[in-house]
Amino acid sequence: MRLTTQGIVLREVNYKEADKILTVLTRDFGKKTVKARGCRRKNSRLTAGTQLLVYSELTLQERGEFLTLSEADPQEQFWSVREDLELLALASYFAELLESTSQEGEDAADLLSLLLNSLYALDTLKKPKELVKAAFELRLMTLTGYEPLLDGCTVCGLPEPEEPRLHLKQGVLHCARCRGALGDGVSMPLSPAALAAARHIVSGNPRKLFSFSLAPESMGLLGDAAEAFLMTQQERGFRTLDYYKQLLRV
């Protein structure tokens with residue numbers, strides 16, 4: 001059977017002498033494992049479309065255990081991201097997150113849009129890395145069933161909590177003085193501006209996901225809380241994130 005769709009490469013693994021095994025997030029069929037035969041040969045028509053983070057029009061053939069890639073017409077290669085080591089490391093972290101959180105064959109159109117919009121924000125809009133990272137992490141958690149509850153203090157009900165905190169394990173907002181009612185676990189501080197940005201990310205129009213700005217202190221609080229919340233909910237680390245942070249320290 002022949003299938004046509006659009007998709008972006010989340011992972012590439014060299015296979016045999018000239019092939020690759022790709023993990024592709026597609027618009028119509030979710031995450032798929034795809035074999036790209038001969039794509040590593042010189043002058044192969046598949047070479048460009050089988051690179052990490054390239055978004056392409058794809059033609060796939062169902063053959064045995066894997067889908068086989070027969071055509072790949074690149075639509076967007078995000079050159080500014082690919083040519084900047086820090087941006088490429090951050091984008092690779094996004095790809096690893098999506099590979100980890102998406103399920104084979106399940107609908108992933110919203111996840112694909114999140115990744116494409118995030119890459120566009122880095123590549124074309126030149127949005128700050130820390131802003132895109134925090135927005136990606138919180139929105140990804142929202143789309144995959146781990147949405148933090150940010151409407152008000154979960155203990156006293158105050159709509160604008162006093163000295164707001166995000167409880168990482170329970171995923172709820174609370175006032176600093178209400179912390180004792182939530183039991184064990186870590187809570188991360190949020191300034192009022194950082195909380196407003198988090199609410200925008202979680203509940204706002206996805207087309208305007210990156211349309212906010214924060215002062216450095218509030219951006220730092222939002223970034224720390226978003227990353228810590230994701231790590232707590234996923235209960236694992238990510239090698240690409242470690243590499244990204246290593247580059248930032250150099």
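Predicted model: local features only at pLDDT ≥ 70, side-chain atom pairs only at ≥ 80, totals over all residues.
Strands β7, β6 and β8 make up an open sheet of three strands, in the order β7-β6-β8 and with antiparallel pairing. The edges are taken by β7 (172–174) and β8 (187–189); each has a single partner strand, so one side of each has no neighbour in the sheet. On average, and with direction ignored, neighbouring strands of this sheet are turned by 30° against each other.

Strand β6, residues 165–167, is joined to β7 by three bridges, and the two run antiparallel. Leu166 stands opposite Leu173 of β7. Helix α6, residues 216–234, packs on the sheet and touches β6 and β8. The direction of α6 makes about 160° with that of β8.

## Helices α2 and α7

Helix α2 spans residues 85–101 and helix α7 residues 239–249; they pack with their axes 8 Å apart, at an angle of about 160°. Angles over 145 degrees count as roughly antiparallel, and α2 and α7 therefore fall into that class. Their crossing is left-handed.

On the α2 side, the contact is made by Leu85, Glu86, Ala89, Leu90, Ser92, Tyr93 and Glu96. The residues that α7 brings to the contact are Arg239, Thr240, Leu241, Tyr243, Tyr244, Leu247 and Leu248. By class, nine residues of the contact of α2 with α7 are nonpolar, two are polar and three are charged.

## Helices α4 and α5

The crossing in which α4 passes α5 is right-handed.

From α4, the residues in the contact are Ala134, Ala135, Leu138, Arg139 and Thr142. Ala198, Ile201, Val202 and Ser203 make the contact from α5. The residues of the contact of α4 with α5 comprise six nonpolar, two polar and one charged.

## The chain as a whole

In total, the secondary structure of the protein chain amounts to seven helices and eight strands. The radius of gyration of the chain is 20 Å, close to the 18 Å given by the globule rule for 250 residues, so the chain is as compact as a globular protein of that length. Its C-alpha trace spans about 65 × 35 × 30 Å along the principal axes.

Terms used
Residues numbered from 1 in each chain as written. Heavy atoms only, no water. Axes fitted to C-alpha atoms, helices over the stretch in contact; angles between N-to-C directions. Helix = DSSP H or I, 4+ residues; strand = E, 2+ residues; numbered from the N terminus. Parallel < 35°, antiparallel > 145°, perpendicular 65-115°, else oblique. Left-handed = near helix turned anticlockwise from the far one by under 90°. Contact = heavy atoms within 4.5 Å. Nonpolar A, V, L, I, M, F, W, Y, C, P; charged D, E, K, R; others polar. Pairing = 2+ DSSP bridges. Rg over C-alpha atoms; globule rule 2.2 N^0.38 Å.
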